[in-house]
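Subject: Structure for your files

Hello,

Here is the structure we spoke about, for you to look over. My notes come after it.

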Amino acid sequence: MIIVRSPLRITLGGGGTDQASYYSDYGGFVIAAAIDKYVYTSVNHSFRNKITLKYSKIEDVNVPEEVEHPVIREALKLLKIPGCVDIDVISDIPAGTGLGSSGSFTTALLQALHLFKREAVTKQDLAEEAYHVEHDLLKQPVGKQDQYIAAVGGVTRLSFWNSGMGTHEPLQM
């Protein structure tokens, strides 16, 4: 069984500059901090030939395309997880609090699925992949800070270049 947790965050400054509509023209700069509240995701091989999902709902489907939850469906398709998997998601804080829960959820899910496949992924690549799922595949109006803080943690300086490339550097306290 794979269990991953990903922190929620607070923004200390620069919120909004992580949006593509801003950083593509001016670059972006955010200081954000991971907090001690988390989204937990567990992934395990299923003993049945099904995909079983437990979050605020329970889903039991045959193939990723049948999954109702958009982030889980796209993550399973992106990482080519065919089936025979159980995924459970719980969180310390409910969605919609403004603490970056969707980015934390997506990041934790992708990290758990990579580990399930025995694949290594860098924190940078994980953050970019989570952003890709939410922004590019699902067309959600998200910035990049949630995924980056969820992937790297700590109190972190995030820079986003006009090209869309992001960098992160922990701040020494």
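Predicted model: local features only at pLDDT ≥ 70, side-chain atom pairs only at ≥ 80, totals over all residues.

Residues are numbered from 1 along each chain as its sequence is written, and side-chain values use heavy atoms, without hydrogens or water.

Helix 3 (residues 101–116) packs against helix 4 (residues 123–137) at an angle of about 115°, and the axes are 9 Å apart. Helices here are DSSP runs of H or I with at least four residues, and strands are E runs of at least two; axes are lines fitted to C-alpha atoms over the stretch in contact, with angles from 0 to 180 degrees between N-to-C directions. Contact means heavy atoms within 4.5 Å. On the helix 3 side, the residues that meet helix 4 include Thr106, Leu110 and His114; among their partners are Ala130, Val133 and Glu134.

Thr106, in helix 3, is buried (under 20% relative accessible area, 1.4 Å probe, protein chains only), at 1%. Beyond neighbours within four places in sequence, Thr106 is in contact with Val71, Ala130, Val133 and Glu134.

The largest pocket (an open set of points on a 1 Å grid, for a 1.4 Å probe, with protein on both sides within 12 Å along at least five of seven lines) holds about 370 Å³. Its lining (residues with an atom within 4 Å of a point) has 17 residues, with His69, Val89, Ala95, Ser101 and Phe105 nearest the centre. Helix 3 gives the largest share of that lining, four residues.

Regards

Terms used:
Buried < 20%, exposed > 50% of the residue type's maximum accessible area, 1.4 Å probe, protein only. Points joined across faces, edges and corners; volume = space filled by probe spheres on them.
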